[in-house]
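Please work through the following exercises on a protein model. Each task is followed by a stepwise solution.

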Amino acid sequence: MNTAIIPIIARDDDGELRVSSEQIAQGSGIQHKNVLELVAVHTVSLERFGQIAFETRPGYNNATVRIALLNEQQATLLMTFMPYRDWE
């Protein structure tokens, strides 16, 4: 039986709980680029719960990686859009 990694939730500067798209990808076993695609496809639905925050981080070979920072409601909704068959 595989045990998924539970995404880590942290408080942002305003005290709101956030989880990154990287953490959701790691916890669900789905590639990060696919999680970002789901965010893009479902932006209107996700933004019913607030504006989606983004940040960029250094990536491999001097590239930058775009990260979505989702609040609890956005993260929960996003995970309902993920096909179960793709989860580890």
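The model is predicted, so local features need pLDDT of at least 70 and side-chain atom pairs count only at pLDDT 80 or more, while totals for chains, interfaces and linings use all residues. Residues are numbered from 1 along each chain as its sequence is written, and side-chain values use heavy atoms, with hydrogens and water left out.

**Exercise 1.** Determine which residues of H1 meet which residues of H2.

Step 1. Contact means heavy atoms within 4.5 Å. By this criterion, Ser-21, Glu-22, Ile-24 and Ala-25 in H1 meet His-32, Val-35 and Leu-36 in H2.

Step 2. The residues of this contact comprise four nonpolar, two polar and one charged.

**Exercise 2.** State which residues have the most contacts inside the largest nonpolar core.

Step 1. A nonpolar core is a set of buried Ala, Val, Leu, Ile, Met, Phe, Trp, Tyr and Cys residues joined through side-chain atoms within 4.5 Å; buried means under 20% relative accessible area (1.4 Å probe, protein chains only).

Step 2. The largest such core has 15 residues, and Ile-24, Val-35, Leu-70, Leu-78 and Met-82 have the most contacts inside it.

Step 3. Two or more residues each come from helix H1 (21-28), helix H2 (32-41), strand E4 (64-71) and helix H4 (72-80); helices (H or I, at least four residues) and strands (E, at least two) are DSSP runs, numbered from the N terminus.

**Exercise 3.** Is Gln-74 buried or exposed (over 50%)?

Step 1. Gln-74 lies in helix H4.

Step 2. The relative accessible area of Gln-74 is 0%, so this residue is buried.

Methods:
Nonpolar A, V, L, I, M, F, W, Y, C, P; charged D, E, K, R; others polar.
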